[in-house]
Amino acid sequence: MIELQTVERVYGDGALGMRALQGVSLTVLSGEFVSIMGPSGSGKSTLLHLVSFLDTPTRGTYRFRGRDTATFSDAERAAIRNKEIGFVFQAFNLLGRMSVYENVELPLLYSSLHPEERRAAIEAAVLSVGLTEKLHLKANTLSGGEKQRVAIARALVCKPSIICADEPTGNLDSVSGAQVMEILRRLNEEGHTIILVTHETYTARYGRRLVTMKDGRIASDERVAGHASAGLSK
Ligand SMILES: Nc1ncnc2c1ncn2[C@@H]1O[C@H](COP(=O)(O)OP(=O)(O)O)[C@@H](O)[C@H]1O
Ligand SMILES: [Mg+2]
């Protein structure tokens, strides 16, 4: 579903540019749960942003569902970003003075859903992260773990096939972090493809495949022992 071929991403120009990715080739199949680790500055976030259409490669090709993304219009990129990919940030990125409901509603603002379908989608997403009781509370009254669960609900509300999470447990205590990871594990079992960037080995072990990065390159890519890997497809 995701095929990167010798992708480079250079920030800034020419000789002085920062080569954040230096020829990354990576294929992710539908249904996978991939963890990406590596030192700070190794290009993990850059890679996740490219995959999520938040950024574009400087060189190399990115095929999404078999199509070269270089041929996509801005509107197509925006539509895929909205419908196919949910992104979860380390810092949650919620609107603190808005309610849980309103935060989760944000990706649906431009959708053509009937108001009742919209409400049902929001309630289902909030239910799936276990926060129904907090639906009408303001986001800034929640704990860090609850905020991240709201962010996951917001990522889920358009029913994306892929969820990309950039250090989603980085600002959380271990108990809330484990709750967030259990939710991601369940979403993967329900069929969502998960691509997770993390610093923590125990968090990475939720994945069924571990990619490590170093200096803008993939240093290793291996299956994690003890996990089944049935039901994958291009
Ligand atoms: N917007 C940017 N402008 C310039 N350099 C950047 C930008 N974003 C990231 N970089 C640089 O690219 C490299 C890779 O960054 P990043 O992908 O954020 O790494 P990681 O997520 O693994 O810590 C780092 O050296 C970083 O400083
Ligand atoms: Mg990063």
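Modeller: Two strands are taken to pair if DSSP finds at least two bridges between them. The structure under discussion is a predicted model.

Biologist: Over how many bridges do strand S1 and strand S4 pair?

Modeller: Strand S1 covers residues 2–11, and strand S4 covers residues 59–64. Leu4 stands opposite Tyr62 in S4, and Gln5 stands opposite Thr61 in S4. The two strands pair in the antiparallel sense, and the number of bridges is 5.

Biologist: In S2, which residue is the bridge partner of Val7?

Modeller: S1 and S2 run antiparallel and are joined by 8 bridges. Within S2, the residue that partners Val7 is Val24.

Biologist: Which residue takes a positive phi in the hairpin of S1 and S2?

Modeller: The hairpin of S1 and S2 has 6 residues between the strands. A positive phi near 80° is taken there by Gly12.

Biologist: Which strands are the edge strands of the open sheet?

Modeller: The open sheet is formed by 4 strands with antiparallel pairing, in the order S2-S1-S4-S5. An edge strand here pairs on one side only. This applies to strand S2 (18–28) and strand S5 (67–68), so that the edge strands, as DSSP runs, are S2 and S5.

Biologist: What does Ala153 touch, not counting residues up to four places away in sequence?

Modeller: With residues up to four places away in sequence left out, Ala153 touches Val104, Ala125, Val126, Ser128, Val129 and Leu131.

Biologist: Are H5 and H6 roughly parallel or roughly antiparallel to each other?

Modeller: H5 and helix H6 (residues 174–189) pack with their axes 9 Å apart, at an angle of about 20°. Angles under 35 degrees count as roughly parallel. H5 and H6 are therefore roughly parallel.

Biologist: Is the crossing of H5 and H6 left-handed or right-handed?

Modeller: On the H5 side the helices meet through Gly144, Gly145, Gln148, Arg149 and Ile152. On the H6 side the residues are Ser176, Gln179, Val180 and Ile183. The crossing of these two helices, H5 and H6, is right-handed.

Methods:
Residues are numbered from 1 along each chain as its sequence is written. Chains are lettered from A and ligands numbered from 1 in the order in which they are written. This is a predicted model: local features need pLDDT of at least 70, side-chain atom pairs count only at pLDDT 80 or more; totals for chains, interfaces and linings use all residues. Two residues are in contact if their C-beta atoms, placed from the backbone, lie within 7 Å. Axes are lines fitted to C-alpha atoms, for helices over the stretch in contact, and angles run from 0 to 180 degrees between N-to-C directions. Angles under 35 degrees count as roughly parallel, over 145 as roughly antiparallel, 65 to 115 as roughly perpendicular and the rest as oblique. A crossing is left-handed if the near helix is turned anticlockwise from the far one by less than a right angle, and right-handed if clockwise.
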